[in-house]
Amino acid sequence: MKKHVVGIDIGGTKLATVVADKTGHILSKVRKPTLSKKGPEYAIGLLFDMVREAVSQVGLKQEAISAIGVSCGGPLDTKTGVVYSPPNLPGWDALPLKARLESEFQVPVIIENDANASALAEFRFGGGRGYNAVLYMTMSTGIGGGIVINGEVYHGANDSAGEVGHQILLPNGPRCGCGKQGCLEALCSGPAIACRAQAAIQKQLEDEETVTAMLTLADGRIEDVKSEHVLAAARTGDALALELVQETAYYMGWGIANLVNILNPDIVLLGTIAVAAGDLLLDPIRETVLKFAMTRPAEAVNISPAQLGDALGDLAAVALVV
Ligand SMILES: [Zn+2]
């Protein structure tokens, strides 16, 4: 009987293939650099080899695999399995990834964008277990999102649902990677937090004699200040860093309150930066949501850090097929 599945995680810098049993327990893993400059044909050839390697590592034959799940940066079409030029994968233009994998391995293949697949993984294996309406938001180089309702990803009309990071909060705010201005992502992604921190430090240096701990942590170079320095300095009680954390929580809480009013989720799970920050960031986010969202949905929602950590990428792909 076919009791195993393969998960493929495709990122701009890393490719990973795993074999898991039907409960999502990972049995083997192969990782290689994507070398995205070499284009899609190189990556696909590599993926074929990596799938075979992961399967043989567990002593299985290819026939033991029942399905393949693929987590990949979007945009992509989940029905046709065609990938359309993800920003981190140059040359992957209208690439029929599902068809290529199905013809190579003769098993059903399910493709999902990475944020949606991560939301499903948190629902199946992580912080979303046992809930009906789960909203997952990444908080790293960008702010992506996935909505899982009654165990299924909500895709919208053409797989574009869940773009939580591109809700506009400040129409004249900083420019976003999507081309618009003042998106949540342009205020609260890791690079956006760093950008606000650098501007605030510059201003402090001009106005005052105090030097923030953020600058010390970045070896005195303003341009090297990152979101992790903001969090680390805030933990030591640095006033400017604490202000930046409050400001980040205010924008995040505002954005989440909008989503809470629309989706009435049981739980909102926040990734990466929120996981690293913990209650330092989550408590003021929770306060802002209570302030901005309508009372009933605000009282129902639990705002928590995502739980899967480094295992998320592997489990995202696996969650599609278990
Ligand atoms: Zn945007």
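Predicted model: local features only at pLDDT ≥ 70, side-chain atom pairs only at ≥ 80, totals over all residues.

Biologist: Is helix 7 parallel, perpendicular or oblique to helix 8?

Modeller: The axes cross at roughly 120°. Perpendicular stops at 115 and antiparallel takes over 145, so helix 7 counts, relative to helix 8, as oblique.

Biologist: Is the crossing of helix 7 and helix 8 left-handed or right-handed, and which residues of helix 8 make the contact?

Modeller: The crossing of helix 7 and helix 8 is left-handed. From helix 7, the contact uses V230, A233 and A234. Their partners in helix 8 are A241, L242, L244 and V245.

Biologist: Helix 5 (residues 190-207) also packs with helix 8. Which residues of helix 8 does helix 5 meet?

Modeller: Helix 5 and helix 8 pack at about 140° with their axes 11 Å apart, and that angle makes helix 5 oblique to helix 8. The crossing is right-handed. On the helix 5 side you find I193, R196, A197, A200 and Q204. They meet, in helix 8, L240, L244, E247 and T248.

Biologist: What about the nonpolar core: which helix gives the most to it?

Modeller: The largest nonpolar core has 103 residues, and M214, V230 and A319 touch the most other members. With twelve residues, the element that gives the most is helix 8 (residues 239-263).

Biologist: Where does this core lie relative to the two domains?

Modeller: The protein is divided into domain 1 (4-120 + 311-319) and domain 2 (129-306). Both domains give residues to the core, so the core lies between them.

Biologist: Now helix 12 (residues 312-319): how many of its residues are buried?

Modeller: Its buried residues are L312, G313, D314, L315, A316, A317, V318 and A319. They pack against strand 1 (4-10), strand 2 (14-21), strand 3 (26-33), strand 4 and helix 3 (114-125). Helix 12 is largely enclosed by the rest of the structure, because the buried count is eight of eight.

Biologist: Is D314 buried or exposed?

Modeller: D314 is found in helix 12. A residue is buried if 20 or more other C-beta atoms lie within 10 Å of its own. D314 has 23 of them within 10 Å, so it is buried.

Biologist: What separates the C-alpha atoms of D314 and G7?

Modeller: Leaving out residues up to four places away in sequence, D314 touches G7, D9, A16, V18, I26 and K29. D314 and G7 are 307 residues apart along the chain, yet their C-alpha atoms are separated by 6.5 Å.

Biologist: Which residues does A319 touch?

Modeller: A319 is one of the residues of the core that touch the most other members. Not counting residues up to four places away in sequence, the contacts of A319 are G24, A117, L120, A121, R124 and F125.

Biologist: On to the backbone: which two residues does a cis peptide bond join?

Modeller: One of them, P75, is found in the loop between strand 4 (65-72) and strand 5 (76-77). Omega is about 0° for the cis bond, which joins G74 and P75.

Biologist: Q106 has a positive phi without being a glycine. Is Q106 buried or exposed?

Modeller: Phi of Q106 is near 60°, and the residue lies in the loop between helix 2 (97-105) and strand 8 (109-113). With 10 other C-beta atoms within 10 Å, Q106 is exposed.

Biologist: And D159, what is its phi?

Modeller: D159 lies in the loop between strand 11 (152-153) and helix 4 (185-188). It has 19 C-beta neighbours inside 10 Å, so it counts as partly exposed. Although D159 is not a glycine, its phi is positive, about 65°.

Note on methods. Residues numbered from 1 in each chain as written. Core = buried A, V, L, I, M, F, W, Y, C linked by C-beta atoms within 7 Å. Buried ≥ 20, exposed ≤ 12 C-beta atoms within 10 Å, placed from the backbone. Helix = DSSP H or I, 4+ residues; strand = E, 2+ residues; numbered from the N terminus. Domains from an automatic or database assignment. Contact = placed C-beta atoms within 7 Å. Axes fitted to C-alpha atoms, helices over the stretch in contact; angles between N-to-C directions. Parallel < 35°, antiparallel > 145°, perpendicular 65-115°, else oblique. Left-handed = near helix turned anticlockwise from the far one by under 90°.
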